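Dear colleague,

Please find the structure below, handed over for your reference. A summary of the findings follows it.

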Amino acid sequence: MNILLMSCGSLSFILLAAHFLRSGDISIAFAMIGSIFLIFLKRRWSRYISAIILSAGIPVWIMTAAGSIQQRITTDSPWIRLSVIMGLVIAFFILISFLCFKSVKNIKERETDRWAGGAVLLTVVLLIIGRWKAPYQMIIFDRFVPGSGMAEIVLLGIYSGFITELFLTLKNTSKLRVRMWAGFSVVFFLQFILGISGIDQFLMTGNLHIPVPAVIVGGPVFRGSGFFMMTLFFVTIAAAGPAWCSYFCYFGAWDNVAARRAGKCGFIPTKNILIRVLILAIIVFTVYMFRIFSVSEIAAASAAICFGLTGLIIMRMMSAKRGVMIHCTSYCPIGLIAALAGKISPFRIRIEKTCSSCMACSKVCRYGALGNNEIISHKPGLTCTLCGDCVNVCHNNSIHYNFYGLSQKTARALFTVIVVSIHAVFLGFARI
Ligand code: SF4
Ligand code: SF4
């Protein structure tokens with residue numbers, strides 16, 4: 001039954017792809033090609049999505065049949081054979097959609113099914129909006145084969161479903177988060193290197209953007225334009241709060257890797273907030289002066305590179321020794337903005353009164369947000385990035401994700417769907 005369903009399902013997607021290719025809808029044709037993978041997955045969410053797409057094919061074939069038969073009749077051409085063929089195609093699609101829906105019951109139900117399905121849909125919708133509305137060709141596949149971005153979107157949707165499922169099933173998600181985050185950073189820098197080595201398709205705007213987070217603020221202050229990255233940053237912050245600094249930032253991923261090399265977690269400097277405010281103020285002021293005195297782009301870019309290199313030295317010399325992310329908690333100005341602006345997101349980490357002050361969570365917090373004071377006051381510090389590592393280790397279940405009115409479990413699942421979807425969207429976008 002399964003093999004029959006998979007082969008007939010794939011054939012149906014291929015038929016739809018051929019139909020859309022013929023009618024010139026290349027993007028939808030590619031989306032159908034990407035959807036073939038859905039039918040091979042033994043998950044309820046993928047089967048449901050396949051069934052919905054295939055049933056949406058029924059009216060497509062009915063309209064195609066009606067149009068073609070009508071045309072034959074008007075031109076006095078033979079139409080009976082065509083109507084039989086189209087009738088068979090429609091019947092085939094009705095049958096395969098029915099079988100697909102029916103097969104859902106034979107697949108083991110998982111608690112994570114609807115969240116994984118939600119992540120697939122959210123990823124696909126966000127990527128389609130980005131592809132459609134952004135001022136640049138955002139999806140990397142599209143830049144090489146026009147239209148093929150839709151196949152990439154479907155594949156990233158499937159990836160997002162799987163990662164969400166993993167996050168919600170694993171007991172400790174720390175390693176998964178780090179791998180996912182570092183994986184994104186590798187893809188980011190690989191595209192950046194390919195872009196600057198001459199393959200322009202890998203540069204989102206076609207212009208060079210120094211991959212140092214401070215440039216997200218410094219760039220627009222210097223140029224007085226180019227707010228794309230800043231907008232992307234604030235949209236992410238509004239949706240996922242300071243999780244920018246524990247899931248998405250291409251640079252912070254390496255501070256995390258450095259801090260983990262030390263094994264044990266240390267402490268962050270006590271005056272870290274003052275240091276960061278000062279660094280942010282110096283950057284904005286310096287860049288503004290660059291602009292006033294018309295400093296060349298090359299000189300400004302060199303200053304940004306020096307700032308980034310100093311950050312790498314801090315990672316190597318301090319984070320790797322202390323076991324906490326000194327670069328991200330005490331040096332990077334964007335981290336400060338993410339922490340402050342992140343308050344607009346309703347997601348929080350909450351410490352319950354049941355906390356026994358065992359400090360197990362404190363020992364895994366690489367952001368130094370769970371010192372003695374924070375545990376006593378039952379409130380994580382400003383450097384908390386909602387990474388979730390502490391949630392994994394509390395034996396009392398006293399520390400958890402919180403979102404107004406939602407249960408702990410739902411808050412965590414919703415947060416996961418959002419961060420994984422944004423991660424998949426970032427993976428799909430070409431680099432600046
Ligand atoms: S603090 Fe800066 S480098 Fe670190 S993750 Fe946040 S934005 Fe990235
Ligand atoms: S308090 Fe918890 S969620 Fe916040 S940064 Fe520390 S380990 Fe991550």
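**Surroundings of the ligands**

The shell around ligand 1 is made up of 8 nonpolar, 3 polar and no charged residues; Ala, Val, Leu, Ile, Met, Phe, Trp, Tyr, Cys and Pro count as nonpolar, Asp, Glu, Lys and Arg as charged, and the others, Gly among them, as polar. This is a predicted model, in which local features need pLDDT of at least 70 and side-chain atom pairs count only at pLDDT 80 or more, while totals for chains, interfaces and linings use all residues. Residues are numbered from 1 along each chain as its sequence is written, chains are lettered from A and ligands numbered from 1 in the order in which they are written, and side-chain values use heavy atoms, with hydrogens and water left out.

Among the residues surrounding ligand 1 are Cys245, Cys249, Cys328 and Cys332, where a residue is near if one of its heavy atoms lies within 4 Å. Ligand 2 has Cys365, Cys384, Cys387 and Cys390 among its surrounding residues. By class, the shell of ligand 2 holds 8 nonpolar, 2 polar and no charged residues.

**Domains and surface**

The protein is divided into domain 1 (1-109) and domain 2 (168-428), with bounds from an automatic or database domain assignment. Their C-alpha centres lie 44 Å apart.

Leu88 is exposed, with a relative accessible area of 58% (exposed means over 50%, buried under 20%, partly exposed in between, with a 1.4 Å probe and protein chains only).
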